[in-house]
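Dear colleague,

Please find below the structure that I am handing over to you. My notes on what was found in it follow.

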Amino acid sequence: MKILKIDHIGIAVKDLAASLKFYSQVLGLEVVGTEVVPEQQVKVAFLPCGDSELELLESTTPEGPIAKFIEKRGEGVQHIALRVDNLEEALEMMREKGLRLIDEKPRYGAGGARIAFLHPQAAKGVLLELTERKD
Ligand code: ZN
C-alpha cells in the first residue's frame, strides 16, 4: 500500500451555497462538481486546489454525521482524505496492525471514488479517509 497524496480536505458547513460564496467567489476556487451522496446523508461540492481539493459537506438530514459533527464542534475541517494506490491492501494492513476502522469494506464516495474511514482513535484524533480513485 502506498499513500500517493492528500486527495482532499473535508470541511463541514451548515449552508453549502453560503459557503461557496466565500470559497468560490472570494477565494476564486472553481467548483467542479456538486453531488448528493445519500449513503452519507450529505451534499458535497469539490473545489480543486492545486494537486488536491477541498470538499465542502452539508448535511441533508439533522441526524447525519455532518450535522452531528457541527452540533458538537461547529463548522470546520472534518476529515482529511489520503489517496492510496490500493484500498483493499490498505485496509488489510490497517486490520493486521489492529487499527480501528469505521469501514471494514470500501464504500462509494463522491466523485466515483472508493473510500473507507479510519476511526479518529487510530490517527491521533484525525478522521482519516482513504480514497482510491482512477484519474
Ligand atoms: Zn471526503
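Helices (H or I, at least four residues) and strands (E, at least two) are DSSP runs, numbered from the N terminus. This is a predicted model, in which local features need pLDDT of at least 70 and side-chain atom pairs count only at pLDDT 80 or more, while totals for chains, interfaces and linings use all residues. Residues are numbered from 1 along each chain as its sequence is written, and side-chain values use heavy atoms, with hydrogens and water left out.

Overall fold

The chain contains three helices and eight strands, in the sequence order β-α-β-β-β-α-β-α-β-β-β. Its radius of gyration is 15 Å, close to the 14 Å of the globule rule for 135 residues, so the chain is as compact as a globular protein of that length. Here the radius is taken over C-alpha atoms, and the rule is 2.2 Å times the number of residues to the power 0.38. The C-alpha trace spans about 45 × 30 × 25 Å along its principal axes.

Of the 135 residues, 43% are buried; buried means under 20% relative accessible area, exposed over 50%, and partly exposed in between (1.4 Å probe, protein chains only). Contacts (heavy atoms within 4.5 Å) were also examined: of those between residues at least 6 apart in sequence, 55% join residues at least 24 apart.

Nonpolar core

A nonpolar core is a set of buried Ala, Val, Leu, Ile, Met, Phe, Trp, Tyr and Cys residues joined through side-chain atoms within 4.5 Å. The largest one has twelve residues: Leu82, Val84, Leu87, Ala90, Leu91, Met94, Leu101, Ala116, Leu118, Ala123, Leu128 and Leu130. At least two residues of this core come from each of strand E5 (76-84), helix H3 (87-96), strand E7 (114-118) and strand E8 (128-132). Helix H3 gives the most, with four residues. Leaving aside residues up to four places away in sequence, Ala116 touches Leu87, Leu91, Asp103, Lys105, Leu128, Glu129 and Leu130.

Two loop residues

Most residues other than glycine have a negative phi. Gln41, which is not a glycine, has a positive phi of about 55°. Gln41 lies in the loop between strand E2 (33-37) and strand E3 (42-49) and is partly exposed, at 26% relative accessibility. Lys124 likewise has a positive phi, near 55°. Lys124 is found in the loop between E7 and E8 and is exposed, with a relative accessible area of 82%.

With kind regards
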